[in-house]
Each structure stands twice: as structure tokens, then as C-alpha cells.
Amino acid sequence: MPVEQAGTGDPAEGAQLFAGYGTDPAFYDEMFDAAGAPRAHCRELWEALGETTRDEIATMQERAERSFLHEGITFSVYGEEGAQERIIPIDIIPRLIAAEEWDFLERGLRQRLEALNLFLADIYGPGRIVADGVVPADLVRGCPQFRIAMRGVEVQHGAYVSVCGTDLVRTHDGFLVLEDNLRVPSGVSYMLANRQAVKTSLRNVFRRHRVRGIENYGRLLRQTLAELSPRGDADPTIVLLTPGVYNSAFYEHMFLAREMGVELVQGSDLVARNDFVYMRTTGGLRRVDVIYRRIDDDFLDPMAFRPDSVLGTPGLFNAYRLGNVAIANAPGTGVADDKSVYAFVPDMIRYFLNEEPLLANVETHLCRDPEGLEFTLDNLDRLVVKEVGGSGGYGMLVGAHATPEERTAFAELIRQNPSNYISQPTLDLSCAPCLTDDGAAPRHVDLRPFVLRGQETRLVPGAFCRVALTPGSLVVNSSQGGGGKDLWVLSA
Amino acid sequence: MLSRSAQGLYWIGRYLERAQHGCRLIADQFETMKDRPVDEIDKSWRRLYLGLQRAPVGGELRSNLDDEQFMLVDAYTLADDLTFEPGNPDSIRNSLANARENARQVRNVVDEDLWTCLNLAFLEVRDIEIVDIWRDRPNEFYRRTEDAVRTFFGIADGAMYRDDGWHFLQLGRFVERAQLLAGLIDAQLSVYSAGGSQADRATDPDWLSLLRICAAQDAYGRLHSLQFEPAAVVDFLVADPLLSHSVRYALARICEALDAVSAGRPLLVEAGRRAGRLAATIDYDWPNRDPGDDSTNRATLREIGDSCRRLHDDIDAAYFSYGVEDSPEA
């Protein structure tokens, strides 16, 4: 594999930390250009970090990690005994996004969420896009996330998806949308916590940059949720509904509840009575107007969705259907982030907005189509195969990294239930410098910005940047050994 | 306030008070062990375990103190049992872990500084064992741990907004304190006077130790010089409204907290009536007792302990686990 020595822009500067940094021309590097020189918007960072010794950087790194442990910024990993609470590893070298890059991303994200909300309003309403043959009817109706009960339910401002976390990657061809997370996207607390940690430990470097602020996320979220209130009053009662302390994202639920100053409730704290929803307080039952739920549809209301669930609040959905309480995101949004439906998002943008999509999709083969299935099975060694309803890096096959036996076994799964799978080419995820024992080294990264939609669309200039800490690994999920980085959007 | 959040804060208060009490008991025990004869140390351990209503490891706790069969288990094992024993739900480590777990569940209503303080205290005890603290000066460990609890309440006192969250934290702390004090004083009277013989009488160091556990020796000294009149010591710890580790003081805080969370109408809930009755018993009945009648006085103390347990049930029923059907809209 050809390796270029980076950090050669000026031998005197940036030398220490980046001395051994080897870029791989196969991947776009976020900090260095093809010639190994720092990109214009990264030059300041390169110089500033270059002045710091490795030991100093390592100390900062350790300080940031320790503060995570002390402050209990943790996530849980399923099925790992004794390791229920872990910190998300943080890499202290920030990833920089130039002002014009962000402007483009922001426009693309707004466009995409607008189309997705129109799509949801349509499939649970008049159903034009299906009638016009743009999206196959059985794809929508057959999707396990399609909620027939949502038919005809009035949703405030058409905001089915109020909180969207879009996964973006960059290749040499530019930014691509890897997936839209439209159900209960998480990670925003790490975006904020990483900023806090990096801003503190790298304060001298931070000060030399004009980094756009993201600290008002909680306020924007609260404002967005308030706009969904069925009562339309100035100060609605908003709650954040969590599955509880054993959920992997519990820290985030707690964090957001505090940021917004709202109650953090579990299903058992809520009571539906006479088609209204209440929470149990020390002073009796108190009416709830907006529920920001961080649990899946299935566990919202056993009467409406899953009778065997002990988590939900019986009668909640009926109160919602009657317009007495708002639920964000709305039930049934999962149909739009199904990995098969994903393939049609560019068409949705054209259909509903009459615009060309700004952000491209990853080339996707649907195994439900005979050609897609054949292509997938023939090229398993260079494709990534995913379950259409999967998430978190579970239930997927990275062909290039799998053994022949694993591929054969997976091929059998695909043949048994083709419509459950899609395949995509292995992506050449861009790299960014990460701190290792041997100075900075390239690691693959993606980013997840968060877009909010109430009466209007809002987003903070930032994202949870995930990084695959294992050299060469393309899997950035925190449940699979990934870590986080702070992402600095620079102002013009 | 959300019932579950209030409940979480209430339990943080209880568990931290329990942890602190444990630290004080053991720290005092080390003082006793410094310079007192073996049978005195033995009695002191008995008092400690009896007060906690726990059977010591390696032997049944007998109420009959003439029983020669009672074996003194070594201090190392007993301290381990009270500090780190995983099977002891009230061990200092478990109490801190429980306080921290409650805080984690309701962390959105716990101030950041409080959480950090509690989390650090927990991380400190999480990975050590009795052998680690025994190596040099175990006293240091108990002092440090108690300091962590004191810091927590110091921060709470200095920074917490005085809404229901604060009042439920106080409620938990002082219900626990009243209950622990009643148990401890009862145990003192049981261990040192039950036999009636001169040999079993409490000596000055035994009373000093009791006062030390209750952080009351200085105040007592100012009032009575260091004349350890048993009746005066017991009365001080039960009925003095100005002593922060007295039953009466704890009840006053409980009544205050109930008053605040009941919007000034505490007598509408059973918890408020019970706490009020208990306070009145101490104010009006306790002074008329016969100070020499240990068994009646012990019965009174056990009644206070039982009332505290019922008070807990009342609080739970009124604020945390009430039936939805008969609940009014807030």
C-alpha cells in the first residue's frame, strides 16, 4: 500500500506530533491534502498542535478521559458482563470542517429531512408517492416499521421526525449519506461532552480558532418540542421518556433532560387516563403535553403496539391519536429509515420538493430485487451487507473482512429472506489524525449531525464525530470499539 | 416533582446517612481498641452490631450477655463485614453504591457537583478491600469516606435549590438518622446495663464513645463538663433539639421537610401526623420517664425506631407509590 509522509508543509512546524503520520491515498484525509500538506483550514491546528510535545498532548488526552469517568459520561454495552458502564473513548485531536463545507452540508440536511417528513405525511395520509409508482407499495406496507395505526393521525406541523441524526461519510467523491436515523437517534450528548472536554484541555488551541458554538442544542430542542404541544400554550409540560438506567444511551437521556429542564420519566411514571397522559408527581398526577421518547415504538403502549411489553404506558397511543399529547418522534417514522426505503430518498426529494438532492446516497442494492440479490451474492467479498431494519453495527457483514465461511453462512441467510437485506460497496471512509502511542495516525471517521424539526427546521453547527480506533477498521459504532472526536465547524 | 425523582433523592439521603453512621461507628471502635481491655472491646462490638440489628459474622448475637459462649471475632473480619462485605446490604460500600446508583437514575435532578462528589466517593471504595485499608491506618479510610459524605451534604446545603428535591433528600437523611440513633442508644442501654451487676455498668469511656459516635462530646462537655451521668447522656441524644445527632433534632427536620412538601398542610397525610406525634412524645412524655428504668426506656426507644420505619411506609404511600385511581390532578 503506497504511503505518503504527511506533515511536510514546513519542516519546522507541526513536526513532533505529525512526524510519522502516513496518509493512504485510497482514503480522503480530513487534515492533509494529497501532497501531504495540511489543508488550508487545518493549518492553524497543525501548527498549534505541532508546538505541543507528545507528552503534553498525552496528558491532555488522559485528562479528558479521566473527566469522562469522574463525570460518569458512560454508555452501556449489551451482553458484556461486568462491563455495563463504560466511557466512550475520546480522541482529543479535533476534526475540522471548513465554513463552506458546513454550509453545503446544512443545506443538504435540511432538504433531506424536509423530504423525509413529507414522505411520512404522505404514506400515512393520501399515499400519492406509492400511487404514482415512485416507491413500491409493498416496500412501505411490508416494512415492519410501518404503523397502520398512524393512518390519518394529525401530526403538528407535519413534523413526524423532530429529531434526526444523519450519518454522513466522506470519500474522494465527497459527502455521502450512510443512513438516516429517524427513530431515536442518539449521540448528541457526546457531541456536547466532547466539545466540553476538548475545549477545556486544548483551550489554547481552541482559542486560536473561530469555532462555531453548539452549546444551545438543548434550548433548540426544547423549543422544537414545545412547538409540538397540542395545547399551544407558552409553557407546555415536556417529558423525556427513557427505557431506564440500563439503556445504552441512558447518560444521554439524563443529560438532555437536564439541559432542557424537563422531567426524565419511565413508562411506569406515566399514566393514561380519560385519553390524557399524566405523570406521577409527589403532588399527584400532572398532565403531560409533549413526550420526547427515547424508546422504540414497540414499547410505547402495549395496547397499541406490543401486548407482551411491560415497559409501555397502556392507553398512551389513544391519547396521542386524539391529539391530547404529542410524541416525538412520531410512531412509525422507522419506515423512512428502513435501509431499503433509504434507496428511494433521492427520488423522494425530486418527487416532493422538485429539487435535485444535494447530498448523495451510497449506491445500494436491494436484495428484494432479483438483480440486486444476484449482484450481492456474486460480490459478497467486496460488499457490506446490512439488515434493512438493523442498527448499531449489529447484524451486518463486512465482506472484505469476513472469512469465506462467514460469507457462506451469511449468503445462506440472505437467500432465506432476501428482502431483509441490502448491500452497499465497502466505503472508503475518510481518515483523520488520531492520537496513538506513536504520535498522530490516520483513523477512519464519520459524522452524525442532528437536525431538529418543529414549526421550523433547526440545527447546531456540529456533529458527533465517530472514529474507528482500531487501525484500518471501518466500524465506528461505539458498541463495536469506536470512539468519539470533537468536530469544529469553523466560521467564515 | 416526579415521584420517582423524589424517591431517588430520598434514598440518596438515607444511604449516605447510613454510610456516614457506619464510618463513625467503626472509627470510634478503633479508638476503643487502642487502649481498652479485650472484654470492653468485645462489648463495644456487641453494642455496634446490636444497634445495627445485624448478627456478627461467625457467631449469633445473643441478647443474654452473661453467655460465655460469645466469641469475639477479630476486628479485621468485623470491620470487613461492616465495610466491604458484598452480602451485607448496609455495608459502607454498598450504602455508597446504592446512593450512587439512585443518583445515577435521577441524575437529571442531582446537581453536577453533587453527582461528581458522590461518583468519586463511590469510585474510591469500589476497587479496594479490607486488606488495602488495613495495611497502614484504617482510620484514615473511614475519615476520608466520612468526609466525602460530609462534602456531599455541604455542597447540597450550599448550592441546592430549596424545592421538593432538597426536602426529600433531607427527609431521607433524617428518617435514617432518627432510626439509627434510636437503635444505637437502645443497644447502649442493652449492652451496658442489662445485667445489672457492677461489672456490666457502662464506664465513662463507654459514654464518651457513644457521644463521639454522635458527634456530641464537645457540646456535652460544654453543658455538663465531662461528668458522664448516664441519664443526662441519653437525654441529650434523644431529646436535645439543638444537637444535630439527636432524635429530636432529626424529627424537627423531618417535620419541616414534610411541611414543605405538603404545601404547609402536613397533617393531611399520615406521615405528617406520625412525625408530629413522635416529636410530641419526646417533648412531653420523655421528660417524665424514670431514668433508671432501662427496660421501659429501651421499649420507648424501640417504639421510636418502629415509628420511623412506619414513617418511611407513610412517606412512600403518600408521595411515591400512591394508587392512581384515587389521586387528584396536581
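Colleague: Let's start with the sheets. In what order do the four strands of the antiparallel open sheet in chain A come?

Modeller: This is a predicted model, so read everything here as computed. The way to read a sheet is to walk across it from strand to strand. Here the walk goes β16-β19-β17-β18 in chain A, and the pairing is antiparallel.

Colleague: Which are the edge strands of that sheet?

Modeller: Look for strands that pair on one side only. In this sheet they are β16 (365-366) and β18 (396-398) of chain A.

Colleague: And how many bridges join β17 to β19 in chain A?

Modeller: Five bridges link β17 (residues 383-387) with β19 (residues 421-425), and the two strands run antiparallel. For a landmark, pick A:K386 and look across to β19(A): its bridge partner there is A:I422.

Colleague: There's a parallel sheet in chain A too. What is its strand order?

Modeller: That open sheet has four strands, in the order β9-β8-β13-β14. Going from one strand to the next, the twist averages 25°.

Colleague: Why is one side of β9 and of β14 left without a neighbour in that sheet?

Modeller: Because β9 and β14 of chain A stand at the edges, and each has a single partner strand. For β14(A), take the pairing with β13 (residues 290-293): it is parallel and runs over three bridges. A:I291 sits opposite A:I327 of β14(A).

Colleague: On to helices. How do I tell whether a helix has a buried face?

Modeller: Start from the geometry: an α-helix has 3.6 residues a turn, so residues three or four places apart point the same way. Now try α2 of chain A, residues 43-50. Its buried residues are A:L45, A:W46, A:L49 and A:G50. Viewed down the axis of α2(A), they fall within an arc of 125°, so they line one face of the helix.

Colleague: And when two helices pack, what do I read off?

Modeller: The crossing angle and the distance between axes. Take α4 (residues 99-123) and α12 of chain A: their axes come within 9 Å and cross at roughly 80°. An angle from 65 to 115 degrees counts as roughly perpendicular, and α4(A) and α12(A) are therefore roughly perpendicular to each other.

Colleague: Which residues make that contact between α4(A) and α12(A)?

Modeller: From α4(A) you have A:Q111, A:R112, A:E114, A:A115, A:L116, A:L118 and A:F119, and from α12(A) there are A:V345, A:M348, A:I349, A:F352 and A:L353. By type, the contact has nine nonpolar residues, one polar and two charged.

Colleague: Over in chain B, at what angle do α1 and α2 pack?

Modeller: At about 170°, with the axes 10 Å apart; α1 covers residues 3-35 and α2 residues 38-52. That makes α1(B) roughly antiparallel to α2(B). B:L25, B:Q29, B:T32 and B:M33 of α1(B) meet B:I41, B:S44, B:W45 and B:L48 of α2(B). That contact divides into five nonpolar, three polar and no charged residues.

Colleague: How many residues does each chain give to the contact between A and B?

Modeller: Chain A gives 21 residues and chain B gives 21 residues. On the chain A side, the elements that give two or more residues are α10 (250-260), β9 (263-265), β11 (276-281) and β12 (284-287). The chain A side divides into eight nonpolar, seven polar and six charged residues.

Colleague: What about phi: what value does A:H157 have?

Modeller: A positive one, near 55°, in a residue other than glycine. A:H157 is in the loop between α6 (137-141) and β6 (163-171) of chain A. A:N274 also isn't a glycine, and its phi is about 50°; this residue is in the loop between β10 (270-273) and β11 of chain A.

Colleague: Is A:N274 buried or exposed?

Modeller: Count the C-beta atoms around it. A:N274 is exposed, because 8 other C-beta atoms lie within 10 Å. A:H157 has 14 such neighbours inside 10 Å, so it counts as partly exposed.

Note on methods: Residues are numbered from 1 along each chain as its sequence is written. Chains are lettered from A and ligands numbered from 1 in the order in which they are written. This is a predicted model: local features need pLDDT of at least 70, side-chain atom pairs count only at pLDDT 80 or more; totals for chains, interfaces and linings use all residues. Two residues are in contact if their C-beta atoms, placed from the backbone, lie within 7 Å. Ala, Val, Leu, Ile, Met, Phe, Trp, Tyr, Cys and Pro count as nonpolar, Asp, Glu, Lys and Arg as charged, and the others, Gly among them, as polar. A residue is buried if 20 or more other C-beta atoms lie within 10 Å of its own, exposed if 12 or fewer, and partly exposed in between; C-beta atoms are placed from the backbone. The arc is that of the directions from the helix axis to the C-beta atoms. Axes are lines fitted to C-alpha atoms, for helices over the stretch in contact, and angles run from 0 to 180 degrees between N-to-C directions. Angles under 35 degrees count as roughly parallel, over 145 as roughly antiparallel, 65 to 115 as roughly perpendicular and the rest as oblique. Two strands pair if DSSP finds at least two bridges between them.
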